[in-house]
Amino acid sequence: MNILLITLRIIHIFGGVFWAGASIFMAGMVEPAVRASAPESSRFMQALTTRTPFLLALAAAGWLTTLSGLWLYWLIFKGINVSYGYGLMLTVGGVAGLLGAAVGSSMQGQASSKMIALGKQITAAGGPPRPEQLAQMARLQQTLATGGRITAILLTIAVLGMAAAQYVSF
C-alpha cells in the first residue's frame, strides 16, 4: 500500500470536487442570479466574499488540487505521457486544470481583491458610490464573471478527462 499515493489522491479528489463544484455552481447559478437581482445582490456578494472564508477556501482547494495533481502525475508517469488513452486523458485533464488555476488566480483573484478594496472604499466614504466607482465595479464584476465562466469550463474539461481516463483505450 502506497500511503503517499493514497493521501495525494484523497487531497486531489476532495479539493477538486470542492473547487470544480463551487466554480461551476458560481458561474452557472450564483452569478446569473446576482446579475438578475442587482443592485440588491451586491450586499450578498460582499458578505460572501468578505464575511465568510469562501474565497480563501476556493483558493486553497485550487492550490491543493493543482499541487497534488502535479505530484501524482509525476509519481505515475515520471514525465509527460500522451502515448495512450489513459495518459492522454489525464494529460488533457491536467492541462485544463492548470489553465483553470491560472485563470482563477490571475483574472478572478485580482478582480476579487480589487472589488473588495473598492467596496471598502465606498463603504468608508459613506453615501452612494460615485459614478466612476460604479463604472469600475461594473468592469470588475464583468471580469469576475468572464473568468468564472472560463474557469468553470476548464474545470469541467479537467473533471471529464480525469473521470474518463481509465476507461479510454486507444
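Here is a short walk through the fold, from the overall layout down to one tyrosine.

What you have is a predicted model, where local features need pLDDT of at least 70, side-chain atom pairs count only at pLDDT 80 or more, and totals for chains, interfaces and linings use all residues. Residues are numbered from 1 along each chain as its sequence is written, and side-chain values use heavy atoms, leaving out hydrogens and water.

Let's start with the big picture. The protein has five helices and zero strands (DSSP runs numbered from the N terminus: H or I of at least four residues for helices, E of at least two for strands). Its C-alpha atoms fill a box of roughly 60 × 30 × 20 Å along the principal axes. Of the 170 residues, 34% count as buried, meaning under 20% relative accessible area with a 1.4 Å probe, protein chains only.

Now look at α1, residues 3-36. This helix has 34 residues and reaches 48 Å from first C-alpha to last, close to the 50 Å expected at 1.5 Å a residue (1.5 Å times one less than the residue count). Still, α1 has a kink of about 45 degrees centred on M26, the bend being the angle between axes fitted to the seven residues ending there and the seven starting there.

Finally, find Y73 in helix α3, residues 54-77. Y73 is buried, at a relative accessible area of 18%. Leaving aside residues up to four places away in sequence, Y73 touches K78, G79, I80, N81, G87, L90 and T91, where a contact means heavy atoms within 4.5 Å.

Conventions
Buried means under 20% relative accessible area, exposed over 50%, partly exposed in between (1.4 Å probe, protein chains only).
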